[in-house]
Amino acid sequence: MSSHTGTSSRTGTGSRTGETRRTGESSRAGTRGRTGPTRWLGSTVVQAVLVLVALVWITPLAGLFLSSLRSEQDNASNGWWTSLVDPAQLSVDNYRALFEDSGLVSAFWNTVLISVPTTVLVVGIAALAGYAFAWLSFPGRDAVFLVVVGLLVVPVQIGLLPVAKLFGAVGLFGTVAGVILFHVAYGLPFAVFLLRNYFAEIPKEMLEAARLDGGSEWRIFLRLVLPLGRPAVASLAIFQFLWVWNDMLVALLFADSESQPLTVALQSQMRQFGSNIGVLAPGAFLSLVVPLVVFFAFQKHFVQGVMAGSVK
């Protein structure tokens, strides 16, 4: 009698457990069924928004590129989008004329001669100074660093006229070297501040172990600090190059007709010839495409630097 009761009890318990399991499984299956379309719809909306943002961002660039391939008559008579249905409007004559213009070609190389040395000097000096402020002890270190931080709030417009007078007195006004020195001077405070804070996050034990192994400060900087700080250095290099390449204010004041960069040369073309789209469009696109190439070439390091800074 008791055995039958125990059996029936176990049977009832097992059936209730099975029903509970089946109910839970069906509930989870229903949840998955409801979550799956919701997730798909959410990801589809996000992707659609990103595609829309990309189209809005790239449309002016595409319009500038197509305008640079069309003649002045076509650009004056209709919009650039008409070339999408009439590809016969497109040609490279404007670029051929651009490269035959010695003034614009010289301005392009002046831009390269200004941007590349400025970026190298700012990054190199800032890396050395950032390491010194982060890990070397010397009298007045904190006071000097506070002065560097204080220079971040000084607008570039304040120093234009005094530095112009100084460069005129020493013979640097109107030269490529003068433009480079001005950009280096005003680019260093932010660069030193950025790299010092990044280098200060390096574990102290790693540096102490390197010193115990007999490594000099110069060797530690080259073999340990710079490789660990590569994302921050690459991000700084990208920003500095873009700032100098796209600059017109400093070059407009400190460069003469022989040392002017491409931004000033294009501005002078607008002033002299009005809406000379046959020259301005290819020149503007050439000025625009170089920073884009630089950014996408170092995009991986830039993203690493941003993510590392957010984690730290």
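The buried residues of helix α6 pack against α7 (176–199) and α11 (249–254). Contact here means heavy atoms within 4.5 Å. Helices are DSSP runs of H or I, at least four residues, and strands are runs of E, at least two, numbered from the N terminus.

A word on the model. It is predicted, so local features need pLDDT of at least 70 and side-chain atom pairs count only at pLDDT 80 or more, while totals for chains, interfaces and linings use all residues. Residues are numbered from 1 along each chain as its sequence is written, and side-chain values use heavy atoms, with hydrogens and water left out.

Back to α6. This helix covers residues 160–170, and L160, V163, A164 and F167 are buried. Seen down the axis, the buried residues of α6 fall within an arc of 105 degrees, so they line one face of the helix. That arc is taken from the directions from the helix axis to the C-beta atoms. Buried means under 20% relative accessible area, exposed over 50%, and partly exposed in between, with a 1.4 Å probe and protein chains only. After α6 comes G171, with a positive phi near 85 degrees.

Next, α7 and its partner α4. Helix α4 spans residues 102–135, and its axis comes within 7 Å of the axis of α7, crossing at roughly 35 degrees. Axes are lines fitted to C-alpha atoms, for helices over the stretch in contact, with angles from 0 to 180 degrees between N-to-C directions. By class, the contact of α4 with α7 has 23 nonpolar, five polar and one charged residues. Nonpolar covers Ala, Val, Leu, Ile, Met, Phe, Trp, Tyr, Cys and Pro; charged covers Asp, Glu, Lys and Arg; the others, Gly among them, are polar.

Where does S259 lie? In the loop between α11 and α12 (262–273). S259 counts as buried because its relative accessibility is 4%. Its side chain reaches the backbone oxygen of G174 at 3.1 Å. The side chain of S259 also makes a polar contact with the side chain of D256, at 2.8 Å. Leaving out residues up to four places away in sequence, S259 touches N110, I114, G174, T175 and V176.

Last, the whole chain. The protein chain has 14 helices and zero strands. Buried residues make up 35% of its 312 residues.

Technical notes. Polar contact = N/O pair within 3.5 Å; in protein donor to acceptor, adjacent residues only side chain to side chain.
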